[in-house]
Amino acid sequence: MTEQITLDNLDDFATGATVLGTGGGGDPYIGTLMARQAIKEHGPVKLLDPQNVPADALVVPSAMLGAPTVMIEKLPRGSESTDAFEALEVYMGQDAYATMSIEAGGLNSTVPIAVAAELELPLVDADGMGRAFPEVQMVTMTMGGISATPMSIADEKGNSVFLETQDNQWAEQFARTTSIEMGGSCMIATYAHTGAELREHAILNSMSLAREIGETIRTAKENSADPVEELLKLTDGFELFEGKILDVERRTEGGFAVGEATIDGIQSYEGRLLQLDFQNENLVARDSKHGIVASVPDLITVLDAETGDPITTEGLQYGHRVRVVGIPCAEQWRTDAGLELVGPRYFDYDIEYKPIENLQS
Amino acid sequence: MNGHRLGIDVGGTNTDAVILDEADAPIAKTKTPTTEDISSGILDALDEVLRQADISGDDLEYVMLGTTHATNAIAERKGLNDVGVFRIGSPATRSIKPLLEWPNDLADAIGDDIAILDGGHEFDGRELNSIDESEIREQVRAFDHVDSFAVTSVFSPVREDHEERIAEIVHEELDDDIPVSLSHEIGSVGLLERENATALNAALTSVAAEAAQAFIDAMDERSIDAQLYFGQNDGTLMSVEYALDYPIFTVASGPSNSVRGAAYLSGIENGIIVDVGGTTTDVGALTDGFPRESSVAVEIGEVKTNFRMPDLIALGIGGGSHINIGPEGKVTVGPESVGYRLTEEARCFDGSTLTATDVEVAASDLDIGDTNPTVERDTVQKAREYIRTEVERAVDQMKTSPEPVPVVVVGGGSILIPTDLDGASKVYKPDHYEVANAVGVAIAQVSGEVDRIYSLDDQGRDTAMDDAKAEAKSRAVEAGADEDTVEVFDIQEVPLSYLPGNAVRIKVKAAGQLDR
């Protein structure tokens, strides 16, 4: 049976997106409400199995780009995404077969659901990160030689900008500057690619994983099971720590919300501290006894100790009882090329990446 | 004039009153049943405490009222206004309509008069779109049947001019007296949550006016010429005029008042507060004498707002809770309760319902009610064990470290709580515990708040912070605080990620003693 994204399972996608958002990626709440209104108006969205996309069909991912604080205030008009999308179709001289998320974590997991509903196109069950990352070039498609451009950028006022750049890093830079001029947030259509390229270079089935994560946490709560345990079973993840937040330090560096949270261990972690470094997303977790227990690109997510609800870095607050989990990232990120793009050194940490399962053994 | 203070707390069950002398020590207290017509309940309580304190109404310098009217109106969808909801931000924001996530019955209760109009600003204060005066006038006239308006403009916490202009137009077109709630005065950045809070506020102005009028009438009736205040969510005070315009700020004042009162009566500044009423028990945390606030968005009547409210766990256990004896002798307590009918329905008052109060009366030599009910020893033990377990679990959840902390028990149902709670370094039941709410509102300070986005590249962090602090302090003084006692008690700084110009959002709250 074809999977559908409906008003009934939308919240599961949103919960899963927050878990995969690893503390950042923007709050999926706004994207979820946009998707809710769009589904109400246009009907459910078909979630398309990547294997069923014809090899020469055009997949055009869509995303919202900008500052999360602007996004929660200046909500999109709704039509800017379709404007951006249709402009790109005209430029490429080919109709899109489907849209897709470039980022399965955070806000950009649910925004393309709204875009798909508006355009009455299916959404491919895949993305380019398998989690959330802060910059446009940080997708597996970059390693596959797929260009972020031609990219179209549109705002609510009816302005749109077209980019053709030398590489994907330049696309990030120009898109970011444009978003500021557009008032801190805009919609983009980018990384157009074929069905064949999709299967070779994207991270497959990540949207249905988000839905399964949300479903797992919700049903565990309903059945009084431990939501965190169930989540770890589903994702082959590891519990890294449990404790109470002692301190959160935040500052802005180069436009990123940078900071550290210190968590004081309880239960079997008593007597130890966990230091969690974040730059929008959680990047490195250091245990006072065992040293580094997980690092980017593996996923580090903080969950409410009782309910298993994921907590973003903005929501980290003194006294909150939390459990920290680590989930292995997509295999593509563990290659040399992958680590060059999103490894600890890209984020200025002078540490060697070790897969989370090796650190845990 | 002689500087006495009167604190009144009108709850769903009881109206409590307390008089504090010049040194803020309680010298009179009472608990009377809340009446259908609010002012007669206030008068009964007022007369009783004046008699006990042996002072006249002229000796009262300040009178403070804590009330749950607004909270109940939302919960019961009763007495709410029809609201004209204006969002100013088109062409942006249309992808999520106003009130999209509201429960249907609540949305129906305020009518279906919603419009998204041109206007609004960008994060940096640039105009997003200009407002269209003729469009607004036309829309206002189309909504001429509503009781009040709620106006929310994009980035109004940065630039409020569009909201102000809409208010002027509403008054020009309709009537000078029609209430208009402006979002920049109510919430912070986060359009949907601020819009929700503003719409709820506009829905409550009639209920607030009624409560305020009852309060004023009661004072006039006894020729009391004191300054009148309402308690608000953060445990500080606001003037009656302010409460008429911003009733939404009273919805969580009850728990805040009891936390503040408990701190004052016990002298404990940091610990856990257990407030036991007739139907529920609120467990909250005390941080440096103030209620700890919740870190997550708070829902009011199932509607998301971005208010900061006291972090609370509510248990369905109170003095009037039913004792349920299940199969195999399993005993549970609540959540059903006889509530204000305790003095008719509880066994110790010759009624037929076995309540939590009966269990305590039977188990000890408490002098409550008319008779000492007979309750099986096994039931007493199991009911007490049930209450203990529930309260201990809630206390543990609210603590921020594994070490035992002081626990202060207040409220009319305090007898239910054992004095050897697990996780407590000591359990305090301070004098006057039963009227802690009224004490909390009577001792409250007045406050001012500011929440604004600054570009640190333009002015440097220190200048921005000084500006925010000065603004918060002057707002506290405007609200009636003595300038010399005003202090900043909360600062929050949130860097705005991705934006250059080093943009930062600064929130500052300041409070001071009432001028006396």
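In the predicted model, K97(B) has a relative accessible area of 40% and is therefore partly exposed. This lysine is paired with E41(A) in a salt bridge, with the closest N and O atoms 3.1 Å apart. E41(A) belongs to helix α2 (residues 28-42) of chain A, whereas K97(B) is placed in the loop between β5 (83-90) and α3 (104-109) of chain B, so the pair joins two chains. The glutamate, E41(A), has a relative accessibility of 44% and thus also counts as partly exposed.

The pair leads to the interface as a whole. The size of an interface is often expressed as the accessible area lost when the parts come together. Between chain B and chain A the buried area is about 3900 Å², and carbon and sulfur atoms give 58% of this area. Six salt bridges are found across the interface of the two chains. One of the pairs in the model is E101(B) with R36(A), whose closest N and O atoms are 2.9 Å apart. Polar contacts across the interface of chain B and chain A involve 19 residue pairs, with both residues at pLDDT 80 or more.

Over all chains, the count of salt bridges comes to 50. Side chains of opposite charge can pair when their charged atoms come close. In chain B, D161(B) and R159(B) meet through their side chains in a salt bridge, at 2.7 Å from N to O. D161(B) is partly exposed because its relative accessibility is 33%, and R159(B) is partly exposed because its relative accessible area is 34%.

A further pair is found in helix α11 (residues 377-398) of chain B. The 22 residues of this helix should span 32 Å at 1.5 Å a residue, and the end C-alpha atoms are 32 Å apart, which agrees. Among the buried residues of α11(B) are T379(B), V380(B), A383(B), I387(B) and V391(B). R388(B) forms a salt bridge with E392(B), the closest N and O atoms lying 3.2 Å apart. Both residues of this pair, R388(B) and E392(B), are buried. They lie four residues apart in helix α11 of chain B, about one turn of the helix. An α-helix has 3.6 residues a turn, so residues three or four places apart point the same way.

R388(B) is also approached by D420(B), which is located in the loop between β19 (405-410) and β20 (424-428) of chain B. The side chains of D420(B) and R388(B) make a polar contact at 2.8 Å. These two residues are 32 residues apart in sequence, and their C-alpha atoms are 9.4 Å apart in space. Leaving aside residues up to four places away in sequence, D420(B) touches R388(B), E392(B) and V427(B). D420(B) counts as exposed because its relative accessibility is 52%.

In chain A, T99(A) occurs in strand β4 (residues 98-101). This threonine has 0% relative accessibility and therefore counts as buried. The side chain of T99(A) is in polar contact with the side chain of S62(A), at 3.0 Å. With residues up to four places away in sequence not counted, the residues that T99(A) touches include V59(A), F85(A), P112(A) and L121(A).

How values were computed: Residues numbered from 1 in each chain as written. Chains lettered and ligands numbered in written order. Predicted model: local features only at pLDDT ≥ 70, side-chain atom pairs only at ≥ 80, totals over all residues. Heavy atoms only, no water. Buried area = accessible area lost by both parts, 1.4 Å probe. Salt bridge = Lys/Arg side-chain N within 4 Å of Asp/Glu carboxyl O. Polar contact = N/O pair within 3.5 Å; in protein donor to acceptor, adjacent residues only side chain to side chain. Expected span 1.5 Å × (residues − 1). Buried < 20%, exposed > 50% of the residue type's maximum accessible area, 1.4 Å probe, protein only. Contact = heavy atoms within 4.5 Å.
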